[in-house]
Amino acid sequence: MATAVVEDGVNASQLDSQESLVKKFLQKEPIFCSLQILKDKGWANPSGTEYFKNQRSRADNVKGHEQTIFYNMMRQIAEELHSQTQALSPSVMPGDVVRILDLCMAPGGYSAAALGVNRRAMVRGISLPPSDGGHNLLLRSNRPGQMECLFLDITMLAGEFSVTLVPQGHPEHLRFVTDRPYFGQSFQLVFCDGQVLRTHTRPKHREEFEALRLTLSQLILALQRIATGGTLIMLLHKVDSWQCIQLLYQFSQFAQIQLFKPQKKHALRSSFYLVAKNMQPDQQAAQSAVQQWKEAWWRGTFGEPKELG
């Protein structure tokens with residue numbers, strides 16, 4: 001089996017691969033070399049550290065009118081993405097409506113943009129409960145049944161990740177659920193926009209691998225719900241990292257991929273979006289990826305490898 005695309009931590013082999021990759025780019029790509037110099041200068045500047053510290057503080061304390069600003073920013077990013085990629089207009093059979101799955105949905109700006117393009121679309125979402133530190137859902141619909149959002153911790157869907165028996169000794173043993181949200185449904189457009197929230201109240205033992213677990217949880221659920229030929233849009237960071245390059249390569253085996261970087265928002269951040277069109281979830285490459293992600297989720301959650309059901 002091929003090496004898992006998303007690993008549970010960065011080991012020595014990955015560090016060597018990362019360093020080797022950077023060296024090759026520096027030798028062969030003048031533009032990358034110039035960007036690397038600028039990046040190193042930026043991180044060496046104390047004002048840059050202070051800038052991003054303030055950004056994180058504002059993100060952690062979004063309240064009142066600021067929630068609406070955050071919602072509108074997400075919507076504008078999605079609208080800009082669509083203007084460049086047409087990703088919010090997936091193909092559907094004549095007479096069918098676009099079915100949208102929004103993972104880590106709140107406040108709902110991405111789905112709002114998608115509904116602006118597909119006014120008859122149906123939206124289903126999953127989002128961290130506000131009581132656990134998640135965002136409030138601001139998106140509203142006047143059409144009965146058009147929108148639904150389940151408030152739950154997506155990283156605890158053990159049943160979705162083929163876990164038949166949660167280890168008894170795990171400190172959150174009783175919090176894992178066997179539910180499989182929207183099981184049996186397929187979606188032409190899937191958003192994976194989740195990021196670890198510092199406002200999320202969770203046990204300390206989850207800190208080290210929480211970002212990994214959240215990424216894997218979205219990937220697994222998305223691949224097991226997306227329709228053949230559908231489009232997946234995922235927020236990623238650090239396009240030149242070894243793990244990110246591995247993930248992009250893997251997606252290229254079962255989808256047509258392109259990358260999008262907002263020009264109006266987040267221009268100074270490492271974030272960008274993977275747009276994967278014409279997804280083929282039934283191909284062997286996709287199914288192998290899902291199995292690898294499930295095994296990595298297990299290791300990031302319970303520790304030792306174990307055969308999944």
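Which residues make a nonpolar surface patch of about 340 Å²? I looked this up first. I found Ile31, Leu35 and Leu38. I kept in mind that the model is predicted.

**Leu38.** I placed Leu38 in helix H2, residues 30-44. Is Leu38 buried or exposed? I read a relative accessibility of 55%. Exposed means over 50%, so Leu38 counts as exposed.

**The sheet.** Next I traced the strands. I found an open sheet of seven strands with mixed pairing. I noted the order as S3-S2-S1-S4-S5-S7-S6. The edge strands are S3 (147-151) and S6 (256-260), and each pairs on one side only. Neighbouring strands of this sheet are turned by 15° against each other on average, direction ignored.

**S2 and S3.** I checked how S2 (residues 122-127) meets S3. They pair in the parallel sense, over five bridges. I saw Ile126 opposite Leu150 in S3.

**Helix H6.** Which helix packs on the sheet? I found H6, residues 210-223. H6 touches S1 (99-103), S2, S4 (187-192) and S5 (226-237). The direction of H6 makes about 165° with that of S5.

**Strand S5.** Why is S5 described as largely enclosed by the rest of the structure? I looked at burial, where buried means under 20% relative accessible area. Nine of the twelve residues of S5 are buried, so S5 is largely enclosed.

**Partners of S5.** I then looked at S4 and S7. S4 and S5 run parallel and are joined by five bridges. There, Cys192 has Met234 in S5 as its bridge partner. S5 and S7 (residues 271-277) run antiparallel, with six bridges. Leu235 has Tyr273 in S7 as its bridge partner.

How values were computed:
Residues numbered from 1 in each chain as written. Predicted model: local features only at pLDDT ≥ 70, side-chain atom pairs only at ≥ 80, totals over all residues. Heavy atoms only, no water. Patch = residues over 30% accessible without salt bridge, like charges linked within 9 Å, V, L, I, M, F, W, Y side chains within 5 Å. Areas by Shrake-Rupley, 256 points an atom, 1.4 Å probe, with all protein chains shown as cover. Salt bridge = Lys/Arg side-chain N within 4 Å of Asp/Glu carboxyl O. Helix = DSSP H or I, 4+ residues; strand = E, 2+ residues; numbered from the N terminus. Buried < 20%, exposed > 50% of the residue type's maximum accessible area, 1.4 Å probe, protein only. Pairing = 2+ DSSP bridges. Axes fitted to C-alpha atoms, helices over the stretch in contact; angles between N-to-C directions. Contact = heavy atoms within 4.5 Å.
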